[in-house]
Amino acid sequence: MVIQDLQRFLESQVPGACVPVDLLKIAKSVSIRRGNQRNVPRGGYGQPPLTLVVDGECCLDRLYGGFFSDWVCGGQWNRMVQFLAVLIQTVQSNNIELAVFFNGALEQQRLNEWSRSQIALRRNVNSVLKHVTVKGTPPPKVWWVAPVGLRTCLRMALRHLNIQVLCTMDDHHQEVIAFCRENNYHGLMAEDAEYIIFDPPRYFSSHQLKLTYKGSLETKEFILDEVARGLGLQRNYFCLLAALLGNYLLTESDLRDFYAALVPNYDRQQTPQEEVIRAVVKFIVNRCDVNNLLSVGAQIFGSISDPRVAKFKESVQYFLNGTKDGFLRYKPFQSGRRDGGHRQSPHQSVPKQEVQESKHSSSPSESHQEPGPQIDPNPLPLPPVPHEVMRTGLRTPPEGSHVSLGVPGPHTEGLATEVPEIKVREWVYTKNNPYRTADIVEATPINWAVPTVQRLWFGSVVDDKKRRLRAFLSCMRSDSPLMLHTSHVPQHLLIMATVLRYIMSNPTGPVLRKQELDAFLVTAFSPDLTNAHYLQDLQLPLVTARGAQLAALFMLGVETALFANDACGAPVPWLMCCPWLYFDGKLFHAKLIRANCARSLVEVCDGEIDLVAKVERCRQAILEGIRVEFAHPLLPPMPGAGGHKVGPPPPYPMAHPPGRGRGRGGPVRNSVQGGGVGRMFSRGGQLQVAGVVVGSWGPNYGSSGNDYRPRGTRYPHNGGGNMQGRSESSRFSRSTRGRPTVLAKRRTIKKREIRSSRGRGMSMEAPGNRWGVPQSSRSARFVKVLSLRR
């Protein structure tokens, strides 16, 4: 829709409309006392603080800390919390009060918008995974995508830092602007042109928000008077402009003919959006009467009877409801809900009946419209829910899939005598169903008498608390004795353990390999997990698509577990749910690389026996009572098949000691470029010293075929010291059936004193690993020392 480009147009094409500001300086100069002032603490300057409403959906990257490429590993949550702590401390110490909104509304009226954005997001993610597969490096920042679970982590972190967090319930944009007006906030910070049309008291860009090292909080402010002057429009014409630029009510497809009449040779894909905006502004200035929308609609669409005229009027009214005058006339209910606390009624800007009628109306442009989600207006039958439960509302909206819920939460409500049938609609992307129709999902009954939702949420006796926890564990397929033993599963790791057990008990087949499960557990128990500085400086030698996908799957499971926890009455305290207590994507990636090349769990744990014991006990609890089946490793690529086009560095680089070079003997390279870290030789090789072949070996058929070097193959523990060969049984190549391979003509090689300054050392190299281990102990006789000379 063209309206999404309006803010960028104003910023770049309208002089004076967007100016740089420092929010800390603005806060110092605030002297206006709010009307109907609430009992708020006064700031350090003896005056009310600068109050701002922040649309969190528009600044996920800013709140995360910036476009850090390590998001692809699964999210750096401790680093995010550290950044937020600094930001909030700066804000609060400079007399600024924030209220951060997140979108918890289903917004079925915007389902077409949602599906388009999800499809575009999938294309972006596919590009990222392709880049990671080919390059083995993080993606460029222009491909930044919010890590899975970011909204949930932000809500928890902001709540932990005593910031007011609210969740919309019906119409996100209308509720955000309504909250700003009802509570007399000084301004709004977002990155959505719809808010400009609502004409807030002050409007700041969230995309430009920067906390600088010099102690300023910089962004850009849109001066709406300058916007009107630059466009040549009166501010009361903004709503008409927004409607004619298209939104979910009157779409760009509905306006195709109108744009074609204004812009010569109009093409939706080729015509610059700036040209369309200028043409619409010129049309409004010269030919429109804002007081007679019917005549404007007839002028645009050719006839008053055209169904698009009704959509046009409804669209204009939608934006009028968000303006100051329209808001006062509409007198909406109080909007928003404090996350996990105070609850308020939703603000409805457009009657739902009119929305449904507009969606089912026909128009001449329907043939041009892209196929979108087909909404079934018939509600699914649901059992009666007590008013107290409905009033409590939805606590944690799910992320990643659009779920239509008639009751708050995906709970299984059952009684000892009767289990009601519960079905919900869930929108999930598949190749055969790209958000065209919703899947009907039936609730799975639990094999014990689960109390009602009312009892789970509001019961206060000890037995109720036990039932809440058991209900949560049952939802996560984790109702086993060891899960409740803190010696096996510490309380702050319960969410992590239930997610991993849920994945391991997948009925359709195994998902995780054993070393991958260990990598998750070692990450959770690692003492480095809470060291944000260490994690920020940690350099990953390789990023793999497998690791990125596993991290995303895990965080999606965490979101589901938190959703189930809220639906069951929050038996796990929210302070024990925070993902930064048990996961960091960057650290997980490092542990996964280590686990795939280590011989044992002890090596993954860096020799810390206590850590090994903790991991094994937790793994025992996770796997208790289930049929353990790990995923098989991937098959090795065929010769000449694709792998990494660029050979990645080894998992843990070990530099050569100073002065010790490779000598005159060239490195041994495999003729086939394999993918993955530390891939074993696949077609044999030769050992050369001073240009003379002194050893050779055949293909290594003992490779596990994994993407990474399997356990059982060890790297040398120093950068060029003694490299031990394999066992005596591997002295001969398997391809020769026990016969030694042919060696070149023997030459006498004398060992001489090692001179570190001469740099005449010798090393061996395999694809993706410059520190490969020789595959024959016969060859190892010649490499007992680093430097060899004739």
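Predicted model: local features only at pLDDT ≥ 70, side-chain atom pairs only at ≥ 80, totals over all residues.
Residues 24 or more positions apart account for 74% of the contacts in this protein with a separation of 6 or more, where contact means heavy atoms within 4.5 Å. Residues are numbered from 1 along each chain as its sequence is written, and side-chain values use heavy atoms, with hydrogens and water left out.

The protein has 27 helices and 13 strands; these are DSSP runs, helices being H or I with at least four residues and strands E with at least two, numbered from the N terminus. Of its 790 residues, 52% are buried, and here buried means under 20% relative accessible area, exposed means over 50%, and partly exposed lies in between, with a 1.4 Å probe and protein chains only.

Let me turn to the nonpolar cores, a core being a set of buried Ala, Val, Leu, Ile, Met, Phe, Trp, Tyr and Cys residues joined through side-chain atoms within 4.5 Å. The largest one has 112 residues, and those with the most contacts inside it are Met80, Ile495, Met496 and Phe554. Helix 23, residues 545-567, gives the most to this core, with ten residues. If we leave aside neighbours within four places in sequence, phenylalanine 554 is in contact with Met496, Val499, Leu500, Phe520, Tyr582 and Phe583. Apart from this core lies another, of 66 residues, which includes Val176, Tyr195, Phe222 and Cys239.

Next, please look at helix 9, residues 224-231, whose buried residues are Leu224, Val227, Ala228 and Leu231. Why do these residues lie on the same side of helix 9? They cover an arc of only 95 degrees around the axis, and therefore they share one side of the helix, the arc being that of the directions from the helix axis to the C-beta atoms. As a general point, an α-helix has 3.6 residues a turn, so residues three or four places apart point the same way. The buried residues of helix 9 pack against helix 1 (6-13), helix 8 (193-197), strand 8 (217-222), helix 10 (238-245) and helix 12 (273-287). Just after helix 9, glycine 232 takes a positive phi of about 75 degrees.

Helix 8 is also the place of glutamate 194, which is buried, with a relative accessible area of 1%. Not counting residues up to four places away in sequence, glutamate 194 touches Ile3, Gln4, Arg110, His173, Tyr318 and Phe319.

Asparagine 95, in the loop between helix 4 and strand 3, has a positive phi near 70 degrees, and asparagine 184, in the loop between helix 7 (172-182) and strand 5 (187-190), has a positive phi of about 55 degrees. Which of the classes, buried or partly exposed, does asparagine 184 belong to? At 26% relative accessibility, asparagine 184 counts as partly exposed, whereas asparagine 95, at 4%, counts as buried.
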